[in-house]
Amino acid sequence: MRLLTMASAPLPYQDELRIEKLKSYLILDTEAEAQFDRLTSLASNICDTPIALISLLDDSRQWFKSRIGLETCETPRDISFCQFAIHNDHFFEVPDAALDERFADNPLVTDEPHIRFYGGQPLVTPDNFRIGTICVIDTKARRLTDEQKEAMNTLAQEVVMHLELRIKSKQLKQASETEIRRTKDLL
């Protein structure tokens with residue numbers, strides 16, 4: 001019997017800058033937001049999976065901005081599937097995690113939620129940092145169709161667009177408040 005040891009992905013290129021970019025979105029540890037939950041729900045429906053997540057990977061954890069079918073709001077980075085997915089430009093698929101030596105002894109595979117299938121599309125910022133994934137998970141082995149993978153790519157672009165719009169909106173609000181204070185001071 002061969003003893004398996006759980007694999008960890010190497011750190012992404014310029015991981016500190018990648019994490020700074022993620023933090024600049026001011027999204028970590030925020031409340032649920034409908035625009036992200038709609039995208040996660042759509043991913044689950046398109047791919048017919050019981051679990052779908054928007055997962056953001058910081059220095060020590062993967063935190064779920066949105067989740068369908070999973071109670072926990074984060075897991076340690078070193079057991080995340082996302083740590084592998086962010087190394088890709090394309091959809092990252094694990095058809096059967098129990099048969100994949102990188103994941104076979106992962107507690108997310110051997111215990112709840114008993115992951116068998118994982119599919120994740122990296123969330124790539126306009127300046128090319130991969131900050132997380134939109135992913136789908138199933139408790140049975142499977143593969144997605146090319147159309148489903150393309151849909152996941154589109155959803156990932158939508159997630160990043162919402163992150164960009166969210167931070168731009170905060171910046172505009174702050175600039176507007178500053179201008180209002182300046183105007184009041186002049187009056």
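1. I would begin with D138, which has a relative accessibility of 3% and therefore counts as buried, the term meaning under 20% relative accessible area, with exposed meaning over 50% and partly exposed in between (1.4 Å probe, protein chains only). D138 is found in strand 6, and its side chain makes a polar contact of 3.1 Å with the side chain of R142. A polar contact here is a pair of N or O atoms within 3.5 Å; within protein, one atom must be able to donate a hydrogen and the other to accept it, and residues adjacent in sequence count only if both atoms are side-chain atoms. Leaving aside residues up to four places away in sequence, D138 touches D48, T49, P50, H114, I115, R116 and F117, where contact means heavy atoms within 4.5 Å.

2. On provenance, this is a predicted model, in which local features need pLDDT of at least 70 and side-chain atom pairs count only at pLDDT 80 or more, whereas totals for chains, interfaces and linings use all residues. Residues are numbered from 1 along each chain as its sequence is written, and side-chain values use heavy atoms, with hydrogens and water left out.

3. The sheet is open and has six strands in the order 3-2-1-6-5-4, with antiparallel pairing. Strand 3 (74–76) and strand 4 (92–94) are at the edges with a single partner strand each, so one side of each has no neighbour in the sheet. Neighbouring strands are turned by 25 degrees against each other on average, direction ignored. Helices (H or I, at least four residues) and strands (E, at least two) are DSSP runs numbered from the N terminus, and two strands pair if DSSP finds at least two bridges between them.

4. Strand 1 (residues 51–57) is joined by six bridges to strand 6 (residues 130–138) and by six bridges to strand 2, a hairpin of three residues also linking strand 1 to strand 2. The bridge partner of I54 is I134 in strand 6 and S66 in strand 2, while A52 has V136 as its bridge partner in strand 6. Both faces of strand 1 are covered, with I51, L53, S55 and L57 buried on one side and A52, I54 and L56 on the other.

5. Helix 2 (residues 34–47) lies across strand 1, strand 2 (61–68) and strand 6, and runs at about 75 degrees to strand 2; axes are lines fitted to C-alpha atoms, for helices over the stretch in contact, and angles run from 0 to 180 degrees between N-to-C directions.

6. In helix 1 (residues 15–24) the buried residues are D15, R18, I19, K21 and L22. Seen down the helix axis, these residues fall within an arc of 155 degrees, so they line one face of helix 1, the arc being that of the directions from the axis to the C-beta atoms. E16 and E20 are exposed on the other side of helix 1.

7. Four aromatic pairs are found in the whole structure. The rings of F81 and F103 have centres 4.1 Å apart and planes at 5 degrees, so this pair is stacked; rings of Phe, Tyr and Trp (its six-membered ring) pair if their centres lie within 6.5 Å, and planes under 30 degrees apart count as stacked, over 60 as edge-to-face and the rest as tilted.
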